[in-house]
Amino acid sequence: MTLLYSAILCLFFKTRICQLQCVKAETPNDSEFSINVTTHIKGKSGDCILIPYELTFPKNKVTVPYRKIWFRGDPQNTESIEIVDKVESGTKDTFRTKGLPRGEYKYGFKLEWECNQTFVFTKRVHISVSAVPKRPIVRASPMEEGQRAILRCIARPLCFNKATIHWKRTKAARQSLFRAYDENNILHHRNVVPFTPTADDHNTKITCVANYSHSVFETTVTLKVKFSPKIQQTSQCTVEGKLVVCVCISRGNPLPPITWPSLTDFSVTSSSSIQTVNSTITMSAADYQNTSVKCISSNKVGRAEIDIPIQSDAKKLRPKNELDANHKSDANLPWIITAVSLSLNLVLLTSLIICTSKRCRGKSQHGELCEEMKTYATLNKADVGQDYSVISSQTRSACGERSEVGVSHRPLPPIAAHYPKL
């Protein structure tokens, strides 16, 4: 019990002594505290920036343990704390910033020791961070169609901050370039990706993204895939007058040259663009009797060949739309002729019926008059040599016919007088 009371009394007196010392503590004098540091520093985005400094303070006023504190902007925004158990005035030290993105920053320094004593140094360190990126490096193994290949992304740590790697493809790349991708177009979250390329992957783009805590950097590469020749379906042979013209188009990497075997007398022109070769030959149609022409294309990866049929029928050379239009017009022609013929027959039949009806009505009304006029006109024509047969006028009969009528003051002789007696 005696020992317990003794310990409590000892702690009480120590606390009182400390309180008396804190009350008696003097206010720090600015002239006794100083820091030697570079006030303007330039750095690159993502790099660790070192701030070397030298600190001086009065040993009899700063008690141990004390704390060396770096802050950014406001003194309450602490960036780094170092606790020191031994008073070391005039010593040199270094403060290291974390990887910073592009921008302007201001750092300061302060000391703290017992009895909540604090001294904030007036000097500030201004840091300018430029946007020079530390891009990751993308390396690819040689790529050939159907052969397994590897893509590797190398992103070095920035200020002891390791990057998180992921891949993304462009819209031009096939979705099957990698087996795993999500709606955000993000692929494998690792720096090494194995895959099997195809001819469609050639000249597509892939991007490695290195994500640090303070910044993101990207590197985009174009894939180069070797593949065997592939002769295009647009290759064709046609007859143009007395000539046969053949066009063969092949795509491959490396460029696949085109040859025309078994041909001796012909002219050829060739052109190429990117990974495509276009070859055109022209030869006499009379000297070539086969129905097709062979085209061969080859490179270091493989070989392709095709027999191109010769299209000699002019109809086959027409555009499909034109052929369809002609076919439809030919099919409709008989129907058009039939319709016109029926219309004409109907008009003629109607006209005939109307005319016949009118004539029949006229004949029924003037039938007797017509007969007498015709007989009289006939008799007068027989006696053209007599005086009373001189024609003086022409009249139109009721039947619509013209008749000659003789005019005389003498009576007409009997009809029987002109004929011999039987």
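The chain exposes about 28500 Å², of which carbon and sulfur atoms supply 55%. The model is predicted, and 28% of the 422 residues of the chain count as buried. Three helices and 26 strands make up the assigned secondary structure of the chain. Among contacts with a separation of 6 or more, 59% are between residues 24 or more positions apart.

**Lysine 110**

- Strand E7, which covers residues 103-113, contains lysine 110.
- Lysine 110 has a relative accessible area of 6%; because the cut-off for buried is under 20%, lysine 110 counts as buried.
- A polar atom of the lysine 110 side chain lies 3.1 Å from the backbone oxygen of proline 75.

**Disulfide of cysteine 153 and cysteine 208**

- The structure holds three disulfides, one of which joins cysteine 153 to cysteine 208 with an S to S distance of 1.8 Å.
- This pair links distant parts of the chain, 55 residues apart: cysteine 153 belongs to strand E12 (residues 149-154) and cysteine 208 to strand E15 (residues 205-211).
- The torsion about the S-S bond of cysteine 153 and cysteine 208 is about -80°, and the disulfide is therefore left-handed.
- Cysteine 153 and cysteine 208 are both buried.

**Disulfide of cysteine 237 and cysteine 246**

- Cysteine 237 is joined to cysteine 246 by a disulfide with an S to S distance of 2.0 Å.
- The link of cysteine 237 and cysteine 246 is right-handed, with 120° about the S-S bond.
- Cysteine 237 is buried, with a relative accessible area of 0%.
- Cysteine 246 likewise counts as buried, at 0% relative accessibility.

**Disulfide of cysteine 248 and cysteine 295**

- A disulfide connects cysteine 248 and cysteine 295, with an S to S distance of 1.9 Å.
- Distant parts of the chain are linked by this pair: cysteine 248 lies in strand E19 (residues 243-253) and cysteine 295 in strand E23 (residues 292-298), 47 residues apart.
- The disulfide of cysteine 248 and cysteine 295 is left-handed, because the torsion about its S-S bond is about -75°.
- Both cysteine 248 and cysteine 295 are buried.

Conventions: Residues are numbered from 1 along each chain as its sequence is written. This is a predicted model: local features need pLDDT of at least 70, side-chain atom pairs count only at pLDDT 80 or more; totals for chains, interfaces and linings use all residues. Side-chain values use heavy atoms; hydrogens and water are left out. Helices (H or I, at least four residues) and strands (E, at least two) are DSSP runs, numbered from the N terminus. Buried means under 20% relative accessible area, exposed over 50%, partly exposed in between (1.4 Å probe, protein chains only). Contact means heavy atoms within 4.5 Å. Accessible areas come from the Shrake-Rupley method with a 1.4 Å probe; for residues, only the protein chains shown count as cover. A polar contact is a pair of N or O atoms within 3.5 Å; within protein, one must be able to donate a hydrogen and the other to accept it, and residues adjacent in sequence count only if both atoms are side-chain atoms. A disulfide is a pair of cysteine sulfur atoms within 2.5 Å.
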